[in-house]
Amino acid sequence: MAERTVEMIRVEPKVKKKEREEEVRTAAYCRVSTLMEEQELSFESQCEYYKELIEGAPGMVLAGVYGDQGCSGLHAESRPELQRLLQDCREGKVDLILVKSISRFARNVIECIAMVEELRSLGTVVEFGREGIRSDDVNFELMLKLLASAAQEESNSLSQSVSWAYDKNAELGQPTRACCYGYRKAPRKKGGPHIWEIYEPEAERVRKVFYMAAKGCRYAEIARRMNEWEKENGEITIWKVGRIQRMLANEAYKGDILTNKNYTPDYLSGKIKRNKGEHQQFYIEGHHEPIIPPKQFDEIRQMIRARRPA
């Protein structure tokens with residue numbers, strides 16, 4: 001999966017300590033899970049809304065607005081702004097945290113409860129706007145467990161819906177998949193499928209790898225020669241044996257695609273496993289223009305298999 005860039009908005013605290021006993025040092029936490037334009041606008045508006053709310057509220061002083069954009073709510077450690085907020089609370093800088101909803105704070109029941117309990121032990125109150133509850137309410141613990149479980153189940157349903165959509169697209173010959181090395185996605189026409197285009201600077205290297213394999217070179221020899229070639233041309237690309245193995249076995253280079261090579265059995269852990277028949281797969285021929293002619297690709301694959309020890 002391609003690495004995402006996390007954007008954030010930081011509003012630095014106006015005061016570091018309570019200036020008067022009645023002032024409540026208040027922070028807000030905002031999060032959106034995708035980088036879609038409409039959610040970017042929502043993210044910006046959330047941050048601005050809380051900033052104006054806190055600054056205009058009697059008895060409140062702004063301790064900061066913390067925002068994670070493009071971050072999943074399943075794991076707290078993957079959200080840098082949430083971690084910054086928690087650290088500020090541990091340092092005694094925040095009395096009250098305003099959050100739009102439990103699902104914005106966390107979609108993992110265990111993590112949600114653990115974070116709230118830690119904040120309560122630090123004397124920091126969390127207020128969830130949509131649910132209308134605060135962590136200092138008498139019946140808060142029971143309500144939080146019920147609502148957090150609902151938020152987690154919502155995330156599970158969303159995960160299953162996305163997986164179903166991926167499979168349906170693949171079944172129609174339009175798999176949702178990032179381009180492999182040697183390709184780029186062409187600008188998508190409205191309503192049309194994503195088209196893979198050959199990216200020649202990388203495709204040149206792919207051809208070199210397959211050419212050497214066709215000449216009988218072993219993986220280590222190919223990697224060595226590729227690294228020498230890169231160095232001679234002033235490039236920094238590094239070739240390793242594992243990369244060579246995966247490239248020579250990747251059907252994408254002959255223009256085909258095999259979907260669901262890996263899958264995630266547990267959406268909470270996010271661990272990826274090799275698909276050995278547990279999840280349905282689709283083989284799509286002629287999905288894009290090949291870098292290596294299909295006949296040549298198959299011949300090289302057969303040759304590699306033939307030289308493997310029995």
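Reply: In helix H4, the buried residues are Val109, Glu111, Cys112, Ile113, Met115, Val116 and Leu119. Buried means under 20% relative accessible area, with exposed over 50% and partly exposed in between, using a 1.4 Å probe and protein chains only. Helices are DSSP runs of H or I with at least four residues, strands are E runs of at least two, and both are numbered from the N terminus. This is a predicted model, where local features need pLDDT of at least 70 and side-chain atom pairs count only at pLDDT 80 or more, while totals for chains, interfaces and linings use all residues. Residues are numbered from 1 along each chain as its sequence is written, and side-chain values use heavy atoms, leaving out hydrogens and water.

H4 covers residues 109-121, and its 13 residues reach 18 Å from first C-alpha to last. That is close to the 18 Å expected at 1.5 Å a residue, where the expected span is 1.5 Å times one less than the number of residues. Just after H4 comes Gly123, with a positive phi of about 85 degrees.

Now for the nonpolar cores, which are sets of buried Ala, Val, Leu, Ile, Met, Phe, Trp, Tyr and Cys residues joined through side-chain atoms within 4.5 Å. The largest has 26 residues, and Val209, Phe210, Ile222, Ile244, Leu248 and Tyr253 touch the most other members. Helices H6, H7, H8 and H9 each give two or more residues to this core. A second, separate core has 23 residues, and Met115 from H4 is among them, along with Ala63, Leu82 and Val99.
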